[in-house]
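I opened a notebook for a structure that was new to me, and I wanted to go from the whole chain down to single residues. The entries below follow the order in which I looked things up.

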Amino acid sequence: MGDSRGEQRVVVVGAGMAGVQTAVHLREQGWPGGIRLIGGEPHRPYDRPPLSKAVLLGKSEDASLDVDFGSLGVDLELGREVTGLHTGSRLLETAAGQVAYDHLVIATGAGPVEFPGSQGVPGVHLLRTLDDAARLRPVLARQGEIVVVGAGWIGAEFTTAARESGCGVTVVEAADQPLPGALPAEVSADMRGWYEQSGARLRTGVAVRSVEHGGVLLDDGTRLTADAVVVGIGSRPATGWLSGSGIELGRHGEVLADEGLHASAPDVYAVGDCASFPSARYGRRILVHHWDNALQGARVVAANIAAATLPDGEAESAVYDPVPYFWSEQFGRFIQYAGYHTAEDELVRRGDPDEAAWSVCWLRGGALTALLAVGRPRDLAQGRRLIERGTPVDPARVADAAVPLKKAVVQS
């Protein structure tokens with residue numbers, strides 16, 4: 001390690017939102033040393049949410065992040081894949097040679113889960129990167145038939161774009177309702193009609209047996225023909241390159257970070273989709289694959305790197321325990337979710353799901369733990385503050401959609 005802060009170098013692996021924001025916040029924290037940002041893709045760092053919307057539809061050619069790396073003194077290296085890590089010698093392995101670090105930030109995000117046997121099959125697509133979106137744009141322009149495998153968030157957003165482009169779309173989901181694993185079936189059942197309203201066909205409760213050139217074969221023997229197949233069956237932390245490094249990983253392959261987003265090796269941190277963290281707020285370890293997590297976690301990593309190099313007692317470590325947040329735009333609706341719910345939480349509805357705007361709240365011990373808002377941004381804003389504060393609420397008033405959530409607080 002260098003003798004002073006100015007001689008130390010932070011190396012960030014991953015040039016997505018989490019990695020870029022870590023570099024930005026390091027400078028905002030007054031970090032005087034070197035910062036090296038290594039990205040596996042050849043493109044300038046870009047934002048991912050527009051990929052399933054404006055970029056995919058051709059409404060925008062550029063999703064690049066508005067960051068002047070030169071003025072920040074950040075060395076940006078693109079198209080350089082990191083293949084290994086030696087924590088003892090503080091060295092990264094890349095195809096272009098080794099890279100030394102004093103402090104390392106793992107921000108490699110998550111990659112899409114590929115359908116077994118579909119790799120290399122013509123006409124089969126994923127949607128995770130800028131190149132993926134570029135390959136799908138002419139598919140939408142041809143206005144053909146598309147089969148979407150998976151009715152999760154990305155499947156719904158892609159289906160929305162495909163229908164807007166005039167494509168015929170059939171969505172196949174093995175679970176009985178859309179958004180399995182993200183929302184209870186009793187909630188997501190209220191969303192299945194959105195597909196039909198958009199003109200898309202949604203088939204649930206049947207798994208895909210195989211993905212082929214020209215369509216898919218279902219477990220019930222049905223063969224769906226298509227000009228293209230889009231696979232959206234989830235994502236996994238992109239941490240394969242950490243094999244043999246000694247960095248402790250969880251059951252999903254995520255880096256097991258602590259409350260300050262430190263990994264299990266000295267001066268190594270992990271942030272964004274590739275890392276889980278222990279939440280005192282929710283009493284469990286959480287893995288979040290959403291944009292806001294990458295944005296917020298970067299602040300904590302930067303603060304802790306800066307604090308770690310100051311003399312003892314001059315800075316306190318930052319703790320990461322956010323109220324998770326994400327949004328999705330699909331079928332003409334703006335959906336927001338804040339918090340973290342479990343099956344044990346009490347589910348309270350606000351409003352009629354047959355209407356354009358409604359919400360669902362989850363309560364535990366008399367306080368909000370999570371909230372889903374469909375076209376009700378005020379519910380989201382007020383509910384998020386209540387979750388952050390752990391404020392007790394009256395379930396009956398929460399259930400009254402005419403009562404602002406901030407008015408549902410139990411008066412002491």
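**Ground rules.** I noted that this is a predicted model, in which local features need pLDDT of at least 70 and side-chain atom pairs count only at pLDDT 80 or more, while totals for chains, interfaces and linings use all residues. Residues are numbered from 1 along each chain as its sequence is written, and side-chain values use heavy atoms, with hydrogens and water left out.

**The whole chain.** I looked up the secondary structure and found 9 helices and 26 strands in the chain; these are DSSP runs numbered from the N terminus, with helices being H or I of at least four residues and strands being E of at least two. For the overall dimensions, I noted that the C-alpha atoms fill a box of roughly 65 × 65 × 35 Å, taken along the principal axes. The radius of gyration is 23 Å, which agrees with the value near 22 Å that a compact globule of 412 residues would have; the radius is taken over C-alpha atoms, and the globule rule is 2.2 Å times the number of residues to the power 0.38.

I then asked what share of the 412 residues is buried. Buried residues make up 53% of them, where buried means under 20% relative accessible area, exposed means over 50%, and partly exposed lies in between (1.4 Å probe, protein chains only). The accessible surface of the chain comes to about 17600 Å², and 47% of that belongs to carbon and sulfur atoms; accessible areas come from the Shrake-Rupley method with a 1.4 Å probe, and for residues only the protein chains shown count as cover.

Turning to contacts (heavy atoms within 4.5 Å), I took those between residues at least 6 apart in sequence and found that 60% of them join residues at least 24 apart.

I noted 38 positive and 51 negative charges, whose mean positions are 4 Å apart. Lys and Arg count as positive and Asp and Glu as negative, with His and the chain ends not counted, and the place of a charge is NZ of Lys, CZ of Arg, CG of Asp or CD of Glu.

Side chains of opposite charge can pair when their charged atoms come close. With a salt bridge defined as a side-chain nitrogen of Lys or Arg within 4 Å of a carboxyl oxygen of Asp or Glu, the count comes to 18.

- R135 forms a salt bridge with D132, their closest N and O atoms being 2.7 Å apart. Both are in helix α3 (residues 130–141), and because they are 3 residues apart they are separated by about one helical turn. R135 is partly exposed at 46%, whereas D132 is buried at 10%.
- R384 pairs with D292, with 3.5 Å between the closest N and O atoms. R384 lies in helix α8 (residues 377–389) and D292 in helix α7 (residues 291–308), so this pair ties together parts that are 92 residues apart in sequence. R384 is partly exposed at 23%, and D292 is buried at 9%.
- D345 pairs with R364, the closest N and O atoms being 2.6 Å apart. D345 lies in the loop between β23 (333–339) and β24 (346–350) and R364 in strand β25 (residues 358–364), so the pair ties together parts that are 19 residues apart in sequence. D345 counts as buried at 8% relative accessibility, and R364 as partly exposed at 32%.
- R36, E77 and R80 are linked in a network of salt bridges.

**Backbone angles.** Most residues other than glycine have a negative phi. R90 lies in the loop between β4 (82–86) and β5 (91–94). Q143 also has a positive phi near 55 degrees, and Q143 lies in the loop between α3 and β10 (145–149).

**Two single residues.** Which residues does L72 touch, not counting those up to four places away in sequence? L72 touches V24, R27 and V67. L72 lies in helix α2 (residues 69–72) and is partly exposed, with a relative accessible area of 24%.

My last entry is on S359, which is in strand β25 and counts as buried at 1% relative accessibility. Leaving out residues up to four places away in sequence, S359 touches V348, R349, R350, L372, A373, R376 and D379. The C-alpha atoms of S359 and K53, 306 residues apart along the chain, are separated by 24 Å.
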